[in-house]
Amino acid sequence: MAKSKAQWNRILHRDFAYFYVGLIIAFSFSGIILNHRQDWYPSTYTYEAKNVEITIPDFDASKKEDIMALAKEWNLEDTYDGHRVRENKLRIYFKKNNIADIDLSTKKGTLEYKRRVPFLGHTIQLHKSTHSFWIWYSDIFGGAMLLITITGLFIPVGKNGFKKRGWKFAIAGLLFPLIFLFLF
C-alpha cells in the first residue's frame, strides 16, 4: 500500500529528528553556554596554578623573542599560541588553554594549567569548530533542522493544525528574532 503525503511527512520528521538528536542536544547546551559566556564559561577549568615571574633583563612584552624566552623558561615554548598587552597586563596564551597573566609593573603573575570540562567543554568546541568537514556536516544539520521544522508544522491536523491555529504561533515566533535584529 502506498504511503500518503502525511505519512511520508511523519517518517521524514521522525527519522531526521532521531538521527540528529545528539547534535541537537549538544548544540542546545553549548548555545546556552555561549549566550552567557561573559558570566560563566565552563569550557575549561584550572587544575593547577603556579606563581611566575619575569626574570629576563630588559624584558619587552612587544617582542615575540622575549615572550618565547619566558615560555622556554616555563617549559612551554612548544605550545606558545599568542599574547596581548592591555593596561600594563600581559596575557600569554598557550595551546591546550594554558594562560599566563602577568602584571608588567611588578613582573609577577600566575600561570594556569587548564583542562576542558567533560561534555560541556566538548560541545562548546563543536559549536566553535572551523574544520571544513565539521562545517559541511553542520550545514547539512542546518538543512535537516529546516526539514524537521517544516515537516513538524504539518503533523498536527484539525483544530490544532497549522492552518487553523499553528500559523499564528509561527508568525509570533518569527517576529521575535526580527524585532531583536532591527531594534537591538
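This is a predicted model: local features need pLDDT of at least 70, side-chain atom pairs count only at pLDDT 80 or more; totals for chains, interfaces and linings use all residues.
User: What do strand 3 and strand 4 form, and how many residues sit between them?
Analyst: They form a hairpin with four residues between them, and Lys96 in the turn has a positive phi of about 65 degrees. Strands here are DSSP runs of E with at least two residues, helices are runs of H or I with at least four, and both are numbered from the N terminus.

User: Ok, how many bridges join strand 3 to strand 4?
Analyst: Five bridges join strand 3 (residues 89–94) to strand 4, and the two run antiparallel. Two strands count as paired if DSSP finds at least two bridges between them. Across this pair, Tyr93 stands opposite Ile99 in strand 4.

User: And what about strand 4 with strand 5, how do they pair?
Analyst: Strand 4 (residues 99–103) and strand 5 (residues 108–116) pair in the antiparallel sense over five bridges. Ile102 stands opposite Gly109 in strand 5, and Ile99 stands opposite Glu112. These strands form a hairpin too, with four residues between them, and Lys107 in the turn has a positive phi of about 60 degrees.

User: What's the order of strands in the sheet?
Analyst: The order is 1-5-4-3-2, in an open sheet of five strands with antiparallel pairing. Strand 1 (44–53) and strand 2 (80–86) are the edge strands, each pairing on one side only.

User: What holds strands of a sheet together, in general?
Analyst: Strands of a sheet pair through backbone hydrogen bonds, either parallel or antiparallel.

User: Is strand 4 mostly covered or mostly open?
Analyst: Mostly covered, as four of its five residues are buried. Buried means under 20% relative accessible area, exposed means over 50%, and partly exposed is in between, using a 1.4 Å probe and protein chains only.

User: Switching to helices: which residues of helix 3 are buried?
Analyst: Asp66, Ile67, Leu70 and Ala71. They cover an arc of only 145 degrees around the axis, which puts them on the same side of helix 3. That arc is taken from the directions running from the helix axis to the C-beta atoms. Glu65 and Lys72, on the other side, are exposed.

User: What do the buried ones pack against?
Analyst: They pack against strand 1, strand 2, strand 3 and strand 4. Contact means heavy atoms within 4.5 Å.

User: Where's Thr79, and what does it touch?
Analyst: Thr79 is in the loop between helix 3 (64–73) and strand 2. It touches Tyr93, Phe94 and Lys95, not counting residues up to four places away in sequence. At 18% relative accessibility, Thr79 counts as buried.

User: Now helix 5. Which of its residues are buried?
Analyst: Trp134, Ser138, Phe141, Ala144, Ile148 and Thr151 are buried in helix 5. Their arc around the axis is only 140 degrees, which puts them on the same side of helix 5. On the other side, Ser132, Trp136 and Leu146 are exposed.

User: What covers that buried side?
Analyst: The cover includes helix 1 (5–19), helix 2 (21–35) and helix 4 (120–128).

User: How many aromatic pairs are there?
Analyst: The count comes to eleven aromatic pairs. Rings of Phe, Tyr and Trp (its six-membered ring) pair if their centres lie within 6.5 Å; planes under 30 degrees apart are stacked, over 60 edge-to-face, and the rest tilted. One of them is Tyr20 with Phe141: the centres are 5.3 Å apart and the planes at 55 degrees, so the pair is tilted. Tyr20 lies in the loop between helix 1 and helix 2 and Phe141 in helix 5, so the pair ties together parts that are 121 residues apart in sequence. Tyr20 and Phe141 are both buried.

User: And how do Phe154 and Phe162 sit?
Analyst: Their centres are 5.2 Å apart and their planes at 65 degrees, so that pair is edge-to-face. Phe154 is partly exposed, with a relative accessible area of 44%, and Phe162 counts as partly exposed at 22%.

User: Which rings link into a cluster?
Analyst: Ring pairs link Phe19, Tyr20, Phe27, Phe133, Trp134, Tyr137 and Phe141.

Methods: Residues are numbered from 1 along each chain as its sequence is written. Side-chain values use heavy atoms; hydrogens and water are left out.
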